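Here are my notes on the model you sent.

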Amino acid sequence: MTEGSTPVKAKKRPRELAVVNQSGCTGCEVCIEFCPVDCILTVPGPDYDMHKKLVEIDLDVCIGCKLCVKYCPWETIEMIPSGEALQIAAAWTQRSVLPNAEWIRTSGAEVVEEGPLPLPGSKVH
Ligand code: SF4
Ligand code: SF4
C-alpha cells in the first residue's frame, strides 16, 4: 500500500447472486417488495416505455437471500454462482442504471442514466 492511499477492504461475495433475465421481466416490481437490502432497481423499459419498466439487481449489494427468486411470479430471476454472475448478468441485461458496476463496465449492456428520460425521438445533450 502506498502512503496516503485508502486501504481497500476485500468484500466477500455470497456463494450465489440473483440475476434478472430482463427478457422475461414484466416490471411488476413484486421482487422489489421482498428484497431485504433494497438492491433491486427499476430501469426504463426497452423502448423508453415508462409503462413497462424492467428491473435489475445491484450485484455489489445482493446478499443472495433468494427471496426475489422465490416470489417473482414470472420466474425470471435465477441464482447464479458468484463467479459467473457478472458475466451472466451482462448477457441477460438489456437496460441498466448502474454505470459504475464492475460487470457493466465490461459488458455491452446499455447504460441508462438515472433522471428524467428523453422523449422518444428527442436528442440527449
Ligand atoms: S437474492 Fe435477496 S438480496 Fe439479492 S436481490 Fe434477491 S431479494 Fe435482494
Ligand atoms: S418480480 Fe420478476 S417480473 Fe416482476 S419486476 Fe421482479 S423480476 Fe421482473
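1. Start with the shell around ligand 2. By class it holds nine nonpolar, three polar and one charged residues. That shell comprises 13 residues, and Cys25, Cys28, Val30, Cys31 and Cys72 come nearest. Keep in mind throughout that this is a predicted model.

2. Ligand 1 has 14 residues around it. The closest are Ala18, Cys35, Cys62, Cys65 and Cys68. Its shell divides into 12 nonpolar residues, one polar and one charged.

3. Cys28 deserves a look of its own, as one of the residues that come nearest to ligand 2. Where does Cys28 sit in the chain? Cys28 is in the loop between S1 and helix H1 (30-34). Pro73 is 45 residues away from Cys28 in sequence, yet the C-alpha to C-alpha distance is 8.7 Å.

4. Most residues other than glycine have a negative phi. Glu29 is not a glycine, but its phi is positive, about 70°. Glu29 lies in the loop between S1 and H1. Glu29 is exposed because 12 other C-beta atoms lie within 10 Å. Lys66, also not a glycine, has a positive phi of about 75°. Lys66 belongs to the loop between S3 and helix H2 (67-71). Lys66 counts as partly exposed, with 14 C-beta neighbours inside 10 Å.

5. Now the overall layout. The protein chain has four helices and six strands. From the N terminus on, the order is β-α-β-β-α-β-α-β-α-β. The protein chain has 125 residues, of which 25% count as buried. Take the contacts with a separation of 6 or more: 66% of them link residues 24 or more positions apart.

6. Strand S1 (residues 16-20) is mostly covered, with four of its five residues buried. Which way do S1 and strand S4 (residues 77-81) run relative to each other, parallel or antiparallel? They run antiparallel, joined by five bridges. Within this pairing, Val20 stands opposite Ile77 in S4.

7. The largest nonpolar core has 26 residues. Val19 and Leu59 touch the most other members. S1, strand S2 (40-43), strand S3 (54-57), helix H3 (82-92) and helix H4 (102-105) each supply at least two residues of this core.

8. Beyond its neighbours within four places in sequence, Leu59 is in contact with Leu17, Ala85, Leu86, Ala89, Ala101 and Trp103.

9. Helix H3 has two sides. Its buried residues are Ala85, Leu86, Ala89 and Trp92. They sit on the same side of H3 because they cover an arc of only 140° around the axis. What covers these buried residues includes S1, S4 and H4. Gly83, Glu84 and Ala91 are exposed on the other side of H3.

10. For your reply, please look again at three places. They are the loop between S1 and H1, which holds Cys28 and Glu29; the positive phi of Lys66; and the contacts of Leu59, including Ala85 and Trp103.

Notes
Residues are numbered from 1 along each chain as its sequence is written. Chains are lettered from A and ligands numbered from 1 in the order in which they are written. This is a predicted model: local features need pLDDT of at least 70, side-chain atom pairs count only at pLDDT 80 or more; totals for chains, interfaces and linings use all residues. A residue is near a molecule or strand if its C-beta atom, placed from the backbone, lies within 6 Å of it. Ala, Val, Leu, Ile, Met, Phe, Trp, Tyr, Cys and Pro count as nonpolar, Asp, Glu, Lys and Arg as charged, and the others, Gly among them, as polar. A residue is buried if 20 or more other C-beta atoms lie within 10 Å of its own, exposed if 12 or fewer, and partly exposed in between; C-beta atoms are placed from the backbone. Two strands pair if DSSP finds at least two bridges between them. A nonpolar core is a set of buried Ala, Val, Leu, Ile, Met, Phe, Trp, Tyr and Cys residues joined through C-beta atoms within 7 Å. Two residues are in contact if their C-beta atoms, placed from the backbone, lie within 7 Å. The arc is that of the directions from the helix axis to the C-beta atoms.
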